[in-house]
Amino acid sequence: MVVLGDECEIDDDCCLTSKVYSGEYAKEATCIVQVGSAPGEIEPIKFQTEAGYDKLEIPTNGDTYTFSGSESPRLRPRANSVITWSSDYSVQDAGFKLCMKALDQNDNDDRATTATTVTNSPTATAAVGCIPP
């Protein structure tokens, strides 16, 4: 996994988290996550955003799903797709922590993430080797 920018990060548990400032994520935060070639299921540990305004969009093999408020994502993103996170200028909340389960080779539905690239801005880059490609 590679992290670019400052508004999302991969934590010590190898989970994607919104960057938290004084208990809340930032205003007008943006994060782009490049999904790997063999994604497993997203395991939500925490998901609390401003309902209707601060959104996480996840493409699957069928549709693109938008999560906001306390709707926890528990699905498998489409391989090589892009997950997006954005917050608006007003109300912030606690944010999210989404872990990635290993791919079950026998599971072919969308309810199930692996190697990712997280992009917020083209300024900072750090490699993190949590999940094998």
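User: What percentage of the 133 residues in the protein is buried?
Analyst: In this predicted model, buried residues account for 45% of the 133 residues in the protein.

User: Which residues touch the most other members in the largest nonpolar core?
Analyst: That core holds 21 residues, and those touching the most other members are Leu16, Leu56, Ile58, Ile83, Trp85 and Phe96. Among the elements that give two or more residues to this core are β7 (42-48), β8 (55-59), β10 (82-86) and β11 (95-100).

User: What is leucine 56 in contact with, leaving aside neighbours within four places in sequence?
Analyst: With those neighbours left aside, leucine 56 is in contact with Phe47, Tyr65, Thr66, Phe67, Pro73, Ile83, Thr84, Trp85 and Leu98.

User: Switching to the rings, how many aromatic pairs are there?
Analyst: The count comes to 3 aromatic pairs, and one of them is the stacked pair of phenylalanine 47 and phenylalanine 96, at 6.1 Å centre to centre with 25° between the planes. Phenylalanine 47 lies in strand β7 and phenylalanine 96 in strand β11, so this pair ties together parts that are 49 residues apart in sequence.

User: Is phenylalanine 96 buried or exposed?
Analyst: Phenylalanine 96 counts as buried, because its relative accessibility is 1% and the cut-off is under 20%. Phenylalanine 96 also forms an edge-to-face pair with tryptophan 85, at 5.1 Å centre to centre and 75° between the planes.

User: Which residues form the aromatic cluster?
Analyst: Tyr25, Phe47, Trp85 and Phe96 together form one aromatic cluster.

Methods
Residues numbered from 1 in each chain as written. Predicted model: local features only at pLDDT ≥ 70, side-chain atom pairs only at ≥ 80, totals over all residues. Heavy atoms only, no water. Buried < 20%, exposed > 50% of the residue type's maximum accessible area, 1.4 Å probe, protein only. Core = buried A, V, L, I, M, F, W, Y, C linked by side-chain atoms within 4.5 Å. Helix = DSSP H or I, 4+ residues; strand = E, 2+ residues; numbered from the N terminus. Contact = heavy atoms within 4.5 Å. Phe/Tyr/Trp six-rings, centres within 6.5 Å; stacked < 30°, edge-to-face > 60°.
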